[in-house]
Amino acid sequence: MEHIQLLILGSGPAGYTAAIYGSRANLQCVVYEGIQPGGQLTQTTEIENFPGYPNGVQGQQMMDDFKSQAVRLGAEVRFGLATKVDFSQRPFRVEVDGKNWVEADAVIIATGATAKYLGLPSEEKFRGTGVSACATCDGFFYRKKVVAVVGGGDTACEEATYLASLCRKVYMIVRRDVLRASKAMQERVLNTPNIEVLWKHQTREILGDDMGVTGVRLVREDGSETDVAIDGFFLAIGHHPNSDLFREWVNVDAAGYIITEGKGTATNVAGVFAAGDVQDPTYRQAINAAASGCRAAMDAEKYIASIK
Ligand code: NDP
């Protein structure tokens, strides 16, 4: 079985930063990219708040830069998905793509988080034919059309403004009478003429036919319903931490975020560390993910030195 010194699962800002720090500490680092190489940022447009890019940067470009830097410093980045883990013995064992097992002295879990859906049967039915959780990926298909975005956080505001630049009209479906998003994002939404916020509305059903989505049935606070004609329905209601594979071994909180010790990245399994959105229900920003990737590599380096 192949032996790896530091195995990093996930290729977002946390995974690549762990690889950069791990490689510079002379550890043999292998990164498995996972289901979404580059992570969530590859689905976003411009990033203006990551220090070091004074003119902003496209999400995909930034992740390409992270990867190049990790590779230049000696990390090996592989296409592949962890499908099983066995943390009961040392070295740890991880199955990749359902077939090959590798063993590792230390593991950093940096598998991020994925978009949440409302859980409506109609949402499933029209997934890919009018229902999407990524405006950046799919907005293009709705040029000059009418779409709805559900959610009131920064993601929803960002997606609504992005879609407003492409679409004729964007409805924002917000369940309360306030937006959770930062003031700057709220202002951007409220000052965009072709965005209409539907306050205190919830989605009851997505309507459609064989060709895809044609509308959405909403319910107001008083229980009354209204149908709105749309061509596309975008979800922006938060994320689910990608910790399912590890829950047999590592402790998670009620929402599934991996619990790490104090300011460090240690999990309850010595030698297994967690970094980025999979362990961060609060800050969930690329800069925080990168910082925790750095901490995870430093923690792993200490651990590996201790078992030599
Ligand atoms: P949030 O958890 O911040 O917001 C989720 C939104 O979806 C809330 O408005 C919530 O409503 C709503 N919601 C949740 N469940 C439902 C439901 N079942 N039906 C209807 N609405 C629902 O998630 P985000 O993805 O927006 O943001 C995550 C983190 O990332 C935040 O910390 C955010 O600040 C950050 N972020 C920052 C960006 C930036 O700085 N450029 C860009 C994008 C995200 P309610 O408010 O009522 O709970």
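**Ligand shell, domains and sheets**

A polar side-chain atom of Asn49 is placed 3.2 Å from an oxygen atom of the ligand, a polar contact being a pair of N or O atoms within 3.5 Å; within protein, one atom must be able to donate a hydrogen and the other to accept it, and residues adjacent in sequence count only if both atoms are side-chain atoms. The model is predicted: local features need pLDDT of at least 70, side-chain atom pairs count only at pLDDT 80 or more, and totals for chains, interfaces and linings use all residues. Residues are numbered from 1 along each chain as its sequence is written, and side-chain values use heavy atoms, with hydrogens and water left out.

Thr155 has a polar side-chain atom 2.6 Å from a ligand oxygen atom, and an N or O atom in the side chain of Gln285 lies 3.2 Å from a nitrogen atom of the ligand. Taken alone, the ligand exposes 910 Å², of which the protein buries 77%; accessible areas come from the Shrake-Rupley method with a 1.4 Å probe, and for residues only the protein chains shown count as cover.

The shell around the ligand holds 19 residues, of which Gly152, Asp154, Thr155, Arg176 and Arg180 come nearest; a residue is near a molecule or strand if one of its heavy atoms lies within 4 Å of it. By class, this shell has four nonpolar, nine polar and six charged residues, where Ala, Val, Leu, Ile, Met, Phe, Trp, Tyr, Cys and Pro count as nonpolar, Asp, Glu, Lys and Arg as charged, and the others, Gly among them, as polar. Helix H5 (residues 154–164) gives the most to the shell, with three residues. Helices (H or I, at least four residues) and strands (E, at least two) are DSSP runs, numbered from the N terminus.

The protein is divided into domain 1 (2–114 + 239–307) and domain 2 (117–235), with bounds from an automatic or database domain assignment. Their C-alpha centres lie 32 Å apart. Each of the two domains supplies at least three residues to the shell around the ligand.

Next come the sheets. Strands of a sheet pair through backbone hydrogen bonds, either parallel or antiparallel. Two strands are taken as paired if DSSP finds at least two bridges between them.

Another open sheet has three strands with antiparallel pairing, in the order S14-S15-S16. Strand S14 (201–209) and strand S16 (225–229) each have a single partner strand, so one side of each is left without a neighbour in the sheet. Neighbouring strands here are turned by 25° against each other on average, direction ignored; axes are lines fitted to C-alpha atoms, for helices over the stretch in contact, and angles run from 0 to 180 degrees between N-to-C directions.

S14 and strand S15 (residues 212–220) pair over eight bridges in the antiparallel sense, and a hairpin joins them through two residues. Asp209 stands opposite Gly212 in S15, and Thr203 stands opposite Leu218 in S15. Leu218 also stands opposite Thr226 in S16. S15 and S16 run antiparallel and are joined by five bridges. Their hairpin has four residues between the strands, and Gly223 there takes a positive phi near 95°.

Two backbone details remain. The peptide bond from Arg90 to Pro91 is cis, with omega near -5°, and Pro91 lies in the loop between strand S6 (82–86) and strand S7 (92–96). Asp97 is not a glycine, yet has a positive phi of about 55°; Asp97 lies in the loop between S7 and strand S8 (100–109).
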